[in-house]
Amino acid sequence: MEQILVLGSGGHAASLIDILERENKYKIAGYIVNDIGEEYNSEYPVIGSDENLSSLYKSGIRNAVIGIGYLGNSVLREKLYNRLKKIGFYLPVACDPSAIVSRRADIGEGTFIGKGAIVNAGVTIGRMCIINTGAIVEHDCQIEDFSHISVGTVLCGGVHIGKASFVGANATVIQMRTVGQRCIIGAGTVIRNNVEDDSMIHYSKQNATWGGV
């Protein structure tokens, strides 16, 4: 069984480890952690920092997953992905066995699909996306690289999510709508219109509609 590195050691890393254990396709070599004070699951060792990635690759470890979440933007995830690819690492799709993913969906390298998520036919998901617990991605949706679809979010049919965008927990995007690049959609928001690049949208309790921040 091939070995795999886990970059980061927080909650997202723990979710990834759970998936890796359940899939049983890789042997977890250990964590890559830059802050030695960072908490981690002691079941697996810290075996280095980002500075050790090249030497670990040369030692024969060829696979890695990025256990760092969105953190307000996807800049760090994209930076780490590019660094790993430059060294030569392969980043597998991590899909929890409880998720339902159509064989007619196209899932990009390094994407995370959490527990109970549904990804329907004709969906295209780019590299290094997060499709979190219980999210529903309906038929013919497109999600571009490095985007995060949060817990319980619903993307109705034919939705397009631009690169590096974040859709918050329990948000809904109505069918055939487009959310641009680098957008942040607040939790519980219902998107009924297209959203331009670099927009921040929040749910307004006062008028039960959506508005820009």
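Residues are numbered from 1 along each chain as its sequence is written, and side-chain values use heavy atoms, with hydrogens and water left out.

The mean pLDDT (the predictor's confidence in each residue, from 0 to 100) of the protein is 92, and 92% of its residues reach 70 or more. Over residues 205–213 the pLDDT is below 50, although this stretch has 21 contacts (heavy atoms within 4.5 Å) in the model beyond near neighbours in sequence. Where pLDDT is low, the predicted coordinates should not be read in detail.

Helices (H or I, at least four residues) and strands (E, at least two) are DSSP runs, numbered from the N terminus. Helix H1, residues 11–23, has 13 residues and spans 19 Å from its first C-alpha to its last, close to the 18 Å expected at 1.5 Å a residue; the expected span is 1.5 Å times one less than the number of residues. Buried means under 20% relative accessible area, exposed over 50% and partly exposed in between, with a 1.4 Å probe and protein chains only. In H1 the buried residues are His 12, Ala 13, Leu 16, Ile 17, Ile 19, Leu 20 and Glu 23. They cover an arc (of the directions from the helix axis to the C-beta atoms) of only 160°, so they lie on the same side of H1. Asn 24, with a positive phi near 60°, follows H1.

The structure holds three aromatic pairs. Rings of Phe, Tyr and Trp (its six-membered ring) pair if their centres lie within 6.5 Å; planes under 30 degrees apart count as stacked, over 60 as edge-to-face and the rest as tilted. The ring centres of Tyr 70 and Phe 166 are 5.0 Å apart and their planes are at 35°, so this pair is tilted. Tyr 70 lies in the loop between strand E4 (63–66) and helix H3 (75–87) and Phe 166 in strand E17 (residues 166–167), so the pair ties together parts 96 residues apart in sequence. Tyr 70 is buried, at a relative accessible area of 8%.

His 148 belongs to strand E14 and, at 9% relative accessibility, counts as buried. Leaving aside neighbours within four places in sequence, His 148 is in contact with Tyr 70, Ile 130, Asn 132, Ser 165, Phe 166 and Val 167.

Notes: This is a predicted model: local features need pLDDT of at least 70, side-chain atom pairs count only at pLDDT 80 or more; totals for chains, interfaces and linings use all residues.
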